[in-house]
Amino acid sequence: MTDEIPLTTALPHFPDQAQLLEEIRSVLESRMLTNRGPQVLQLEKEVGHFLDNPKLSVVSCANATVGAELVLRAMNLKGKVITTPFTFVATVHAIVNAGLEPVFADIDPETYCLSPKSVEEKLAKDIVAVSPVHVYGNICDIDYFEGLRKKGIRVVYDSAHALGAKHKGKAVGAFGDAEVFSLHATKIVNACEGGLIVTHDQDLAKKISLMTNFGFSGETSIELVGTNAKMSEIHAVFGLHSFRRLADSIAARRKVENRYRALLPGISDIKIMAKQKHVDSNAQYLPVFLPNETLRDKLYDGLKAQQIFARKYFFPLVPHFAPYRDRYRDRFPVAEAAAKTVLCLPIHTLMQEAHVDKICENISRILKQ
Ligand code: T4K
């Protein structure tokens with residue numbers, strides 16, 4: 001076993017470095033470094049082919065946070081957006097930065113995605129959109145949210161974790177009014193920093209694309225108030241390399257996941273997240289749940305002492321962070337329990353079964369102490 005591999009929740013990996021460096025060199029020589037150059041267009045095209053639906057448009061952007069904000073701004077919404085408290089803070093910041101007010105609903109205890117029942121309880125006249133998150137690469141209740149969309153509520157999925165995952169054979173990207181993927185260094189497809197917006201609404205896609213470039217529609221014309229949210233050519237080269245290996249990355253991650261699934265049930269006091277029906281997961285994260293917060297923290301610290309770096313995604317809940325704390329006093333029993341007991345164990349493409357064995361031996365030892 002190669003012990004020197006970092007046992008971290010995520011690890012960027014570019015196996016073909018010589019080829020990658022060569023492509024970066026050729027971008028440098030072209031002197032075309034940004035402003036929607038050929039690499040960015042190629043990335044959008046290849047992701048479009050992968051999604052295998054000619055009706056979908058793909059727009060690249062600087063990161064998923066600004067991507068989600070632009071989607072909501074481009075929709076010209078005013079009012080409130082229902083989302084989940086159990087997410088990375090970016091989901092909620094994007095809503096606020098788009099001038100909208102987040103409303104939190106609780107999550108489903110099996111999938112950790114927004115619970116339709118809880119969303120129903122929060123529906124009101126001023127709810128103009130929902131932003132469900134495909135947490136850990138699990139897929140939200142697509143049918144329920146499609147029903148809301150038909151009632152006129154805009155549905156913008158935060159799909160930061162879900163590139164490559166499939167629901168009933170259909171690749172994530174095709175759902176709702178728009179989906180926003182993250183290409184951050186910790187994600188399954190990695191452009192160092194980056195995001196992709198996918199929508200079947202071509203007008204919306206055009207608008208968002210203009211908005212990523214200050215709203216320029218020509219050298220001397222500005223159509224709308226935009227920002228600078230462009231992906232650079234160098235980022236797109238990283239993204240393309242990583243994207244072309246997506247199937248291999250998923251296969252490597254599934255092998256790691258399967259080993260965890262074989263070993264963890266033999267250890268008491270730890271529960272691995274159940275596999276979702278009708279979903280081909282991308283194995284982006286490997287969440288486990290402990291009986292209580294004390295044991296979760298004990299395991300986190302114990303693993304860290306052995307240079308095994310798990311993460312508490314997502315603790316604290318977003319409404320408990322300083323900018324939101326005073327405004328949101330609702331209780332979210334399922335999300336609160338998940339936040340206190342979750343630990344995302346290391347999973348990445350360089351890990352082998354022996355690494356999982358080592359991690360599980362440590363888990364077993366720490367929990368028995
Ligand atoms: N929506 C959701 C549901 C999200 O999870 C995220 C991002 C977003 C939206 C927004 O997407 P972007 O705007 O970022 O495109 C990380 C990431 O910064 C963040 O992108 C991600 N979610 C979140 C879940 O995790 P940290 O602060 O927890 O990551 P960090 O730096 O501690 O890294 C985690 C592990 O990865 C470390 O053990 C080391 C390893 N790592 C990390 C980086 C950055 C590397 O090996 N190399 C690296 O370059 O936030």
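Which residues line the second largest cavity?

## Second largest cavity

In this predicted model, the lining of the second largest cavity is made up of Ala68, Leu72, Thr91, Ala94, Ile95, Ser131, Val156 and Asp158. Two or more of these residues come from each of the elements α3 (64–74), α4 (90–97) and β6 (154–158). The greatest contribution is that of α4, which gives three residues.

The volume of the second largest cavity is about 50 Å³. By class, its lining consists of five nonpolar residues, two polar residues and one charged residue.

## Largest cavity

Across the whole structure, two cavities of 30 Å³ or more are found. The largest cavity holds about 150 Å³ of space. It is lined by 16 residues, and those closest to its centre are His13, Lys187, Ile188, Ser242 and Ser249.

Helices α8 (233–244) and α9 (246–263) each provide at least two residues of the lining of the largest cavity. Six of the lining residues are nonpolar, seven are polar and three are charged.

## Helix α9

Helix α9, which supplies part of the lining of the largest cavity, is 18 residues in length. From its first C-alpha to its last, α9 reaches 26 Å, close to the 26 Å expected at 1.5 Å a residue. The buried residues of α9 are Leu246, Ser249, Ile250, Arg253, Val256, Glu257 and Tyr260. Viewed down the axis of α9, these buried residues fall within an arc of 130°, so they line one face of the helix. An α-helix has 3.6 residues a turn, so residues three or four places apart point the same way.

On the face of α9 turned away from the buried side are the exposed residues Ala247, Lys255 and Ala262.

## Largest pocket

The largest pocket contains about 440 Å³ of space. Its lining has 22 residues, with Phe88, Ala90, Ala160, Ser182 and Lys187 lying nearest its centre.

At least two residues of the lining of the largest pocket come from each of α3, α4 and β9 (178–182). Both α3 and α4 also give two or more residues to the lining of the second largest cavity. The lining of the largest pocket comprises eleven nonpolar, eight polar and three charged residues.

## Second largest pocket

The space in the second largest pocket is about 340 Å³. Of the 18 residues that line this pocket, Thr111, Ile139, Asp141, Gln276 and Lys277 lie nearest its centre. The lining of the second largest pocket has seven nonpolar, four polar and seven charged residues.

## Thr212

Thr212 belongs to helix α7 (residues 202–212). Is Thr212 buried or exposed? Its relative accessibility is 1%, so Thr212 counts as buried, the cut-off for buried being under 20%.

Leaving aside residues up to four places away in sequence, Thr212 touches Ser60, Cys61, Leu70, Thr227, Asn228, Ala229 and Lys230.

Key
Residues numbered from 1 in each chain as written. Predicted model: local features only at pLDDT ≥ 70, side-chain atom pairs only at ≥ 80, totals over all residues. Heavy atoms only, no water. 1 Å grid on protein atoms, 1.4 Å probe; cavity = no way out; pocket = protein on both sides within 12 Å on 5 of 7 lines; lining within 4 Å. Points joined across faces, edges and corners; volume = space filled by probe spheres on them. Helix = DSSP H or I, 4+ residues; strand = E, 2+ residues; numbered from the N terminus. Nonpolar A, V, L, I, M, F, W, Y, C, P; charged D, E, K, R; others polar. Expected span 1.5 Å × (residues − 1). Buried < 20%, exposed > 50% of the residue type's maximum accessible area, 1.4 Å probe, protein only. Arc of directions from axis to C-beta. Contact = heavy atoms within 4.5 Å.
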